[in-house]
Amino acid sequence: MKKTWKVLKEESFGAIIKDAGNSREFKTGSWRTKKPVWNENACTHCLFCWLYCPDSCIIVENGKMKGIDYNYCKGCGLCASVCPTTKKGKAIKMEEEVL
Amino acid sequence: MRKVRMAFTGNEAVAYAMKQINPDVVAVYPITPQTEIMHSFSIYVADGEVDTNLVTVESEHSAMSACVGASAAGARVMTATASQGLALMHEILYIASALRLPIVMPVVNRALSAPINIHCDHSDMMGSRDSGWIQIFTENANEAYHSVILGVKLAEKVNLPVMIGLDGFIISHGMEVVETLPTEEIRNFLGERKPVYSLLDVDNPITVGPLDLQDYFFEHKRAQIEAMEEAREVIPKVHEEYNKKFETNLPDFVEPYKIEDAELGVIAMGSAAGTMKEVVDKLREKGKRVGLLRIRIFRPFPSGEILKYTKHLCALGIMDRAHSLSGLGGPLWTEVRSVFYGESCVPPDMNFIYGLGGRDFFMEDGEKIFDYLEKLVEGKEQSGSVKYIGLRE
């Protein structure tokens, strides 16, 4: 339930945001029309995708690519574009977003 | 209380009030006829008479931006400007008010270009009448002095910025006796600013001025509208407190002058109201029942007070030292008319545009206005017409 102006008048005085980093609550994944799909077998863990992703949606643990955060990925395709070609094909490919 | 009578121009009076207030931050850019305020104030800074951090910036847009930042950090902040400078600040004025920052700014009223002109009219402040600032129009240097001090108290009580207009050259450069208050008493009265939020509060980090789209903008704007309505209640209380503490007679929204039993009445703002008081006295001596209602606070608009003091009149003249170029007439007039819409039995009215670009307004001009109103009562002039006073026709 979104807040009324009377509540916001007190809680968000002067339209400020009191809790830092709350853009995390604003999920933008639904904007996507194409989704990047990661093939672990083809991945060289070069982390170009992590470097280029404008929405910090490449999940990396211990220096290794671990997956894609679809909560915020808008499907821009940059990761797939920069993913280097290997003998096994691209590790990230863009696919139709099917409901 | 020990008051000292001092000879000041309006600008010097404002600078002296600022010195007594000792604001934390003043950001400023020079512009005629305001420059003298900051010239005088910067001397106080250089002489170490204030602790103010004086920020000299490269434009008025930057001056107001610096004020917004400093005020959001929790500082007591002031600046001053005029005309084109206020126009250049326009974008940031709305940000200051929506962020609820109590910035106080004397504005030395000067015509907006073109043609370029450095003299008085109210077109500058009329251009920012919908920016969410409280707007005060003063009649003389003494009132400007007190309004700056009161303005700080008021701004910080309602968390809205306050603009104090003084007519360019007429008030800003005319020398007058000003009844100054003791500095210690002023500082006790104002105390320290207690900000609702502060950018420098690192334990409670906040975001100021974030993007606010379809989801929340409307609610935040509605809250700001309410703040202006609440200011309407607080304004008389702050005036009462000020007048009691300093033994002054500063009127709040309006100053009625012999209008209660008048048949013909005029509404005016700024220094011309002083001239009109003399005109009223002169015509009263001749047995004419005339009066004046001076509007001191233009924002929030004193609808109730205007109705109360002018509804009984046989004819009402509204004097505008600005034209809105809207195809309607002067801005004060159109707003006064909107107050009357929906009321039964309202007086016939006329709009008088005068003094644009510093054109002198003499007592004869004031008498001419009452002549027009007499003719309006006799049916020889039409209600709702706009006349130009002091114009070569």
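User: Axes are lines fitted to C-alpha atoms, for helices over the stretch in contact, and angles run from 0 to 180 degrees between N-to-C directions. At what angle do the axes of α1(B) and helix α2 (residues 35-46) of chain B cross?

Analyst: This is a predicted model: local features need pLDDT of at least 70, side-chain atom pairs count only at pLDDT 80 or more, and totals for chains, interfaces and linings use all residues. Residues are numbered from 1 along each chain as its sequence is written, while chains are lettered from A and ligands numbered from 1 in the order in which they are written. Helices (H or I, at least four residues) and strands (E, at least two) are DSSP runs, numbered from the N terminus. The axes of α1(B) and α2(B) come within 8 Å, and the crossing angle is roughly 35 degrees.

User: Is the crossing of α1(B) and α2(B) left-handed or right-handed?

Analyst: A crossing is left-handed if the near helix is turned anticlockwise from the far one by less than a right angle, and right-handed if clockwise. As α1(B) passes α2(B), the crossing is right-handed.

User: Which residues of α2(B) meet α1(B)?

Analyst: Two residues are in contact if their C-beta atoms, placed from the backbone, lie within 7 Å. On α1(B), the contributors are B:Asn11, B:Glu12, B:Val14, B:Ala15, B:Met18 and B:Lys19. On α2(B), they are B:Glu36, B:Ile37, B:Ser40, B:Phe41 and B:Tyr44.

User: How many charged residues does the contact of α1(B) with α2(B) have?

Analyst: Ala, Val, Leu, Ile, Met, Phe, Trp, Tyr, Cys and Pro count as nonpolar, Asp, Glu, Lys and Arg as charged, and the others, Gly among them, as polar. In this contact, six residues are nonpolar and two are polar. The charged count is three.

User: How are α1(B) and α6(B) oriented, roughly parallel or oblique?

Analyst: Angles under 35 degrees count as roughly parallel, over 145 as roughly antiparallel, 65 to 115 as roughly perpendicular and the rest as oblique. The axes of α1(B) (residues 10-21) and α6(B) (residues 141-158) come within 8 Å and cross at roughly 30 degrees. The two helices are therefore roughly parallel.

User: How many charged residues are in the contact of α1(B) with α6(B)?

Analyst: α1(B) passes α6(B) in a right-handed crossing. Residues making the contact include B:Ala13, B:Ala17 and B:Ile21 of α1(B) and B:Ala144, B:Val148 and B:Val152 of α6(B). Twelve residues of the contact are nonpolar and one is polar; the number of charged ones is none.

User: How does α6(B) lie to α8(B), oblique or roughly parallel?

Analyst: The two helices pack with their axes 9 Å apart, at an angle of about 140 degrees. That makes the arrangement oblique.

User: How many charged residues does the contact of α6(B) with α8(B) hold?

Analyst: α6(B) passes α8(B) in a right-handed crossing. Contact residues include B:Lys153 and B:Lys157 of α6(B) and B:Glu230 of α8(B). Nine residues are nonpolar and one is polar, leaving a charged count of three.

User: How far apart are the C-alpha centres of domain 1 and domain 2 of chain B?

Analyst: The bounds come from an automatic or database domain assignment. Domain 1 covers 4-246 and domain 2 covers 254-389. The separation of their C-alpha centres is 28 Å.

User: Which elements of chain B each supply at least two residues to the side of domain 1 that touches domain 2?

Analyst: In this pairing, 26 residues of domain 1 of chain B are in contact with 20 residues of domain 2 of chain B. The elements are α5 (123-127), β6 (134-137), β7 (162-167) and α8 (217-246).

User: What is the radius of gyration of chain A?

Analyst: Chain A has three helices and four strands. The radius of gyration is taken over C-alpha atoms, and the globule rule is 2.2 Å times the number of residues to the power 0.38. Along its sequence, chain A runs α-β-α-β-β-α-β. The rule gives 13 Å for 99 residues, and chain A is more spread out than a compact globule, so its value is well over that: 18 Å.

User: What is the radius of gyration of chain B?

Analyst: Chain B has twelve helices and 15 strands. It is as compact as a globular protein of 393 residues, because its radius of gyration is close to the globule-rule value; that radius is 21 Å.

User: Which residue is joined to B:Arg299 by a cis peptide bond?

Analyst: The bond has an omega of about -5 degrees.
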